[in-house]
Amino acid sequence: MTSEVVLRVTGVRKSYGSRAVLRGVDLQVHQGELVGIVGENGAGKTTLLRVLCGELRADHGEIAIDGTLGYCPQRTVLDDELTVAQHLRLFQTAYRIASLQHTEDLLAVLGLAQHRDTPAKALSGGTRQKLNLVLALMHDPEVVLLDEPYQGFDWETYLAFWKLAATLRDNGCAVVVISHFAHDTERLDAVRRLRGGVLEPAMAGGRV
Ligand SMILES: Nc1ncnc2c1ncn2[C@@H]1O[C@H](COP(=O)(O)OP(=O)(O)OP(=O)(O)O)[C@@H](O)[C@H]1O
């Protein structure tokens, strides 16, 4: 692959007290690459993404991100009293986005447009997750970290998500997705398994 490395992780370690979860994680993701991170429950996948996005500080190691970052956490980051539209306006201001056209496209792809005036507290779990994903992507980031972003999605939305992930990749975005399902690997360029606190060498995804 000749495209530029836009996410470079070198020797990242992270412990919670005496529990060493990450023991020297190395990872490189290129522009236009869709990479899956798999591993057993408790392997440290969420910890890794939280460290990569800066929510948690690594104990050791280096993280270099070249470009704007989008992060979709496993738990939704919504204000129950705000409607979908109010969330979008809030994040539009935070991201300093002039036009919401890209956001409207995301709403349409994920089937969220009809919930525009619904407060977050009245949204179903899967619909909250859709909004969580839109908020992570609406500024059209160059590097995207997604922590099981399709939890609670129905089948149609699950398929729409993977189509969206492929479009992001085809547009040059570097996408890292935590995945639990073996069949997701067919949709990925590469799969990395987190085991024993390190990422094992790349397994080719289905596209390669
Ligand atoms: N804030 C925290 N304080 C202490 N221990 C934590 C904290 N967060 C996670 N852990 C522990 O670190 C380990 C890794 O957790 P993490 O959530 O990163 O794993 P995961 O691979 O994402 O798991 P899952 O597949 O269940 O989502 C687990 O043993 C967990 O109990």
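Let me begin with a term: helices here are DSSP runs of H or I with at least four residues, strands are runs of E with at least two, and both are numbered from the N terminus. Residues are numbered from 1 along each chain as its sequence is written. What we have is a predicted model, in which local features need pLDDT of at least 70 and side-chain atom pairs count only at pLDDT 80 or more, while totals for chains, interfaces and linings use all residues.

On that basis the protein has 5 helices and 10 strands. Its radius of gyration, taken over C-alpha atoms, is 17 Å, close to the 17 Å that the globule rule (2.2 Å times the number of residues to the power 0.38) gives for 208 residues, so the protein is as compact as a globular protein of that length. The C-alpha trace spans about 45 × 40 × 30 Å along its principal axes.

Let me turn to helix α1, which covers residues 45-52 and is mostly covered, with 6 of its 8 residues buried. Buried means that 20 or more other C-beta atoms, placed from the backbone, lie within 10 Å of the residue's own; with 12 or fewer a residue is exposed, and in between it is partly exposed. The buried residues of α1 are K45, T47, L48, L49, V51 and L52, and just after the helix G54 takes a positive phi of about 95°.

Which element gives the most to the shell around the ligand? That is α1, with 3 residues. Counting a residue as near when its C-beta atom, placed from the backbone, lies within 6 Å, we find the ligand surrounded by Y16, V21, G39, N41, G42, A43, G44, K45, T46 and T47. By class, this shell has 3 nonpolar, 6 polar and 1 charged residues, where Ala, Val, Leu, Ile, Met, Phe, Trp, Tyr, Cys and Pro count as nonpolar, Asp, Glu, Lys and Arg as charged, and the others, Gly among them, as polar.

Finally, the domains, whose bounds come from an automatic or database domain assignment: domain 1 takes 1-67 + 142-208, and domain 2 takes 75-140. Their C-alpha centres lie 23 Å apart, and the contact between them, meaning C-beta atoms placed from the backbone and within 7 Å, takes 9 residues from each of domain 1 and domain 2. On the side of domain 1 that touches domain 2, the largest share, 3 residues, comes from helix α5, residues 155-170, and the residues of that side divide into 5 nonpolar, 3 polar and 1 charged.

Technical notes
Two residues are in contact if their C-beta atoms, placed from the backbone, lie within 7 Å.
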